[in-house]
Each structure stands twice: as structure tokens, then as C-alpha cells.
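Take a look at the sequence and the structure. We will walk through them one part at a time.

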Amino acid sequence: MSTDTRHIVVLGGGALGISTAAHLIRKGVDVTVVTEAELASGASGRSLSWLNSAGERSQEYHDFRLAGIDRYRELKAAHPDSDWLEFGGGVFWGTGAEAARDRHDAEVAKDYASQLLDPQSLSEVVPGLNAVAVDSAAVFNPEEGWVSLPHLIDHLSAQITEGGGLIVTGAGRSSVLTEGGRALGVRTASGEEHRGDAVVVACGPQTPAVVAELGVRLEDASPLSMLVISEPFEVPERVVLNTPRAAVRPNPGSTIAIDHDWYEDQIVTNEDGTYDIPQETVDELVAEAARLYAGEPGIRAAGWKIGLKPIPGDGEPVFGELDSVPGCYAIFTHSGATLALIGGELVANELVDGVKEEMLATFRPERFGQSQVAAAS
Ligand SMILES: Cc1cc2nc3c(=O)[nH]c(=O)nc-3n(C[C@H](O)[C@H](O)[C@H](O)COP(=O)(O)OP(=O)(O)OC[C@H]3O[C@@H](n4cnc5c(N)ncnc54)[C@H](O)[C@@H]3O)c2cc1C
């Protein structure tokens, strides 16, 4: 975009929208964030938020995620006492030794820090684990970490308001205002208008629906997902665990966050748009998590949240200005926890400095093909 971008409206108060807004504030831009409900009420409020680039993916996506992890390391160095961002490493095992071996080989080929360990060696590296639960081989990634996104959003939103930015919560389902095909602001559900020189749509799993109103198609493969937060207990380990029946990360307040995908088809969508899941399924997921720790501590669910997990149709991130709607920028990504800081930084650079960031080159929205229908009002 251009160097005369002075006021930008960000639609969406999740990790990506808030990070973008905070980076814009640092660059001296006036910012208004408009969001449907409270901050972090979307995917960012129910995310496992494991900071990683484990497994196999395109080189471009891998590089983007590594840069994302680096930014979190810088944040941790600046705030070493934060209990919502830690780098204790990550552990993975699948069903059968091949799962771990294949993953390890792919990681080593990309120079990603990865150790292939048998259960005994793993229990020496990560002593609080239940070695019996581990399959014949596991991968330890010592440079991975986790973040609690609601805490990150608190941290960054304070910078936005201290920098003179405006955060409008409770705006309801809002839409992008256009004139002559160009984005010039946002209209809230009650009809209030917030105008600017450009608009960033960072609506998580709702981004495809918001830009569809502008005639732009983003392929969407967002599944329903659930995140459980435990009651406090003595959490024996600070690592992230990715296992065949439970993925677990530490969480502030001596709790853990747990998710997986084996129960996705048990989630029921009610007519009013709320979701339900059988209590036994939640209990089973928590029991699977407890089995991962030495001594199988008694763990209980304090609560759980269900909603869509944003995933573009081809699995790769979407970051870029819409060709057919100048002034409108779309962000839609899985792994948005890992990408939140670097993504917000690069989007702010593109918006303010008028540069095209090389790191975003393969993630542009037009790869899905864009067509503009009648310009929205
Ligand atoms: C269960 C689960 C596990 C995950 N695990 C990981 C992981 O391990 N590692 C990782 O890196 N990432 C992970 N992710 C993905 C990551 O959490 C998301 O990519 C990221 O939180 C998305 O942030 P966002 O700001 O784009 O969207 P959101 O957090 O969804 O924020 C969008 C905001 O926009 C608002 N909004 C939507 N539509 C409108 C509208 N029309 N008008 C006004 N406001 C609107 C919403 O209310 C919401 O507050 C996980 C996600 C889930 C759900």
C-alpha cells in the first residue's frame, strides 16, 4: 500500500488483528480496532498455541514459522518473568515407531532442532512424563514453546491504547465499507462507521465470510474444535505434548490446555449457533492427558470452549491486500499463534512502508482466484 496511510481500521480483536494494530501503532499510524464481542473471543481464546514448525510443510511456510518463533524469543527476552510464554520444548509421538522416525527425518532435513528418543531416553530429558505411555520412539524439539494468546492480546492491546489507538469491542458482526471499489472503513452491526485509509480483515475463521461480501473467495477448511482448560494441579512438566489421543500445553495458573481432533465429529451445532459435546468426551480427553504424566495425576476440566479453527482450503496462510478491493487486507491462517507476531509485523510494514514483504509472497489471497461482484456499500 502507500506511504500516505495514516489511519487504519482493523476488523477483528484476535491475536492477528491485535498484533497488526500494535505494530501499526509502533509505526506511528492511527489505529481503530473493531471487534464483534470481547478481545480474544474467537479462535485465539481457545487455542493450543504451540509455537512450532514441526513436521512437514512448504519451505516458505517453514521459514515464516521459524521467524514467528524468533519474534516470541525476543518477546520472552524482554519479559523473562512472563508466565504466559515459555520455551520448554515440544514432544511428539504417534502410533508406531515410524511416525516419530519419519517426522524426525523430515525435520532434520530442514535443519529443525529435533531429537529421536526411545522412551527411556525421553524420560531422562523430560522427567515428568509417563514413559509407559510413550510409543517405541518419540521426537523432542528443544526449541519449541507455547503462549497463552489471551495474555498476549492483553499485553499488546495495552500498547495500542497507550499509543493512542482506539479499541471498539461489542461491535457485533461488522462489515467492510467500500466506495468506488476501494475499502474505506468498517460498519458495525448497529450501523456505526469507522473510517480510515485502509482496512485489515483479521476475523479468524470468519475472514472468508467477511471478504465474500466483497465478492472475494477464500477457500475455507476450518473444522470445529475444542480446547479444554484444567483445574489447577501440580503440573509436572513445562513441555508441549503432541500424542495420538491428546495434545497438551502448560497454561498460567498451574493449569494445562488440552485439545485433539478425534472427537470433532461429536461436536453438535445447535440452532442458535452454540455448540455442545458429550461430557464423557471431555472426561475422556482429560483422562488421556492425565495418562501422559508420571503418576497419572488426578486432573479435572475447569471448562472448555468450542468453535471453528481457522484453516485455509490449501492449509497455507493467507496474508495480503485483495487485488479486487484496494485498501482491504485479509489475514486468514492456521498456526496463527506461531505467526501472530511476525504476521502483524510484516502486514504493518506492507501497509505503512508500501513494501511487498518477500516472506509473504506465496501467501497472497489471489491464489484462490478473486472475482469482484457489485461493490458493497
Ligand atoms: C483448538 C485450536 C488449537 C490451535 N492450536 C494452534 C497451535 O498449536 N499453534 C498455532 O500456531 N496455532 C494454533 N491454532 C490457531 C490459532 O489459534 C489461530 O490461527 C489464531 O488464534 C487466529 O487468530 P485470529 O486473530 O486470526 O482470529 P481470531 O482469534 O478468531 O479473532 C478474530 C476476531 O474477529 C472477530 N470477528 C469475526 N468476524 C467479525 C465481524 N464480522 N465483525 C467483527 N468482528 C468479527 C471475532 O469475534 C474474533 O474475536 C489453534 C486454534 C484452535 C482453535
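Helices and strands are runs assigned by DSSP, numbered from the N terminus. Helix 1 lies across strand 1 (7-11), strand 2 (30-34), strand 13 and strand 22. Its direction is at about 165° to strand 2. Keep in mind that this is a predicted model.

Now turn to the sheet behind those strand numbers. Six strands form an open sheet in the order 9-2-1-13-22-21. The pairing in this sheet is mixed. At the edges are strand 9 (166-168) and strand 21 (318-321), and each pairs on one side only. Neighbouring strands here are turned by 15° against each other on average, direction ignored.

What does pairing rest on? In general, strands of a sheet pair through backbone hydrogen bonds, either parallel or antiparallel. Take one pair from this sheet. Strand 13 (residues 198-201) and strand 22 (residues 328-332) run parallel and are joined by three bridges. Within that pair, Val 200 stands opposite Tyr 329 of strand 22.

There is another open sheet to follow. It has eight strands, in the order 6-7-5-15-16-17-14-20, again with mixed pairing. Why is one side of strand 6 (115-117) and of strand 20 (301-308) left without a neighbour in the sheet? Both strands stand at the edges with a single partner strand each, so one side of each has no neighbour there.

Strand 5 (residues 90-92) pairs with strand 15 (residues 240-242) in the parallel sense, over three bridges. Gly 90 has Val 240 of strand 15 as its bridge partner. Helix 3 (residues 97-109) lies across strand 5, strand 6 and strand 7 (138-141). This helix runs at about 35° to strand 7.

Strand 14 deserves a stop of its own. How do its partners run? Strand 14 and strand 20 run antiparallel, joined by seven bridges. Leu 224 stands opposite Leu 308 in strand 20. Strand 14 and strand 17 (residues 255-259) also run antiparallel, joined by two bridges. Val 228 stands opposite Ile 258 in strand 17. Five of the seven residues of strand 14 are buried, so this strand is largely enclosed by the rest of the structure.

Step back to the whole chain. Its domain assignment gives domain 1 (7-45 + 150-217 + 314-368) and domain 2 (84-144 + 222-308). The C-alpha centres of domain 1 and domain 2 lie 30 Å apart. Five residues of domain 1 are in contact with six residues of domain 2. On the domain 1 side, the touching residues are three nonpolar, two polar and no charged.

Which residues come nearest to it? Of the 40 residues around the ligand, the nearest are Gly 14, Gly 42, Ser 47, Gly 204 and Gly 336. Helix 1 (15-26), strand 14 (224-230) and helix 8 (336-353) are the elements that give two or more residues to this shell. By class, the shell has 16 nonpolar, 19 polar and five charged residues. Where do its residues come from?

Methods:
Residues are numbered from 1 along each chain as its sequence is written. This is a predicted model: local features need pLDDT of at least 70, side-chain atom pairs count only at pLDDT 80 or more; totals for chains, interfaces and linings use all residues. A residue is near a molecule or strand if its C-beta atom, placed from the backbone, lies within 6 Å of it. Helices (H or I, at least four residues) and strands (E, at least two) are DSSP runs, numbered from the N terminus. Ala, Val, Leu, Ile, Met, Phe, Trp, Tyr, Cys and Pro count as nonpolar, Asp, Glu, Lys and Arg as charged, and the others, Gly among them, as polar. Domain bounds come from an automatic or database domain assignment. Two residues are in contact if their C-beta atoms, placed from the backbone, lie within 7 Å. Two strands pair if DSSP finds at least two bridges between them. Axes are lines fitted to C-alpha atoms, for helices over the stretch in contact, and angles run from 0 to 180 degrees between N-to-C directions. A residue is buried if 20 or more other C-beta atoms lie within 10 Å of its own, exposed if 12 or fewer, and partly exposed in between; C-beta atoms are placed from the backbone.
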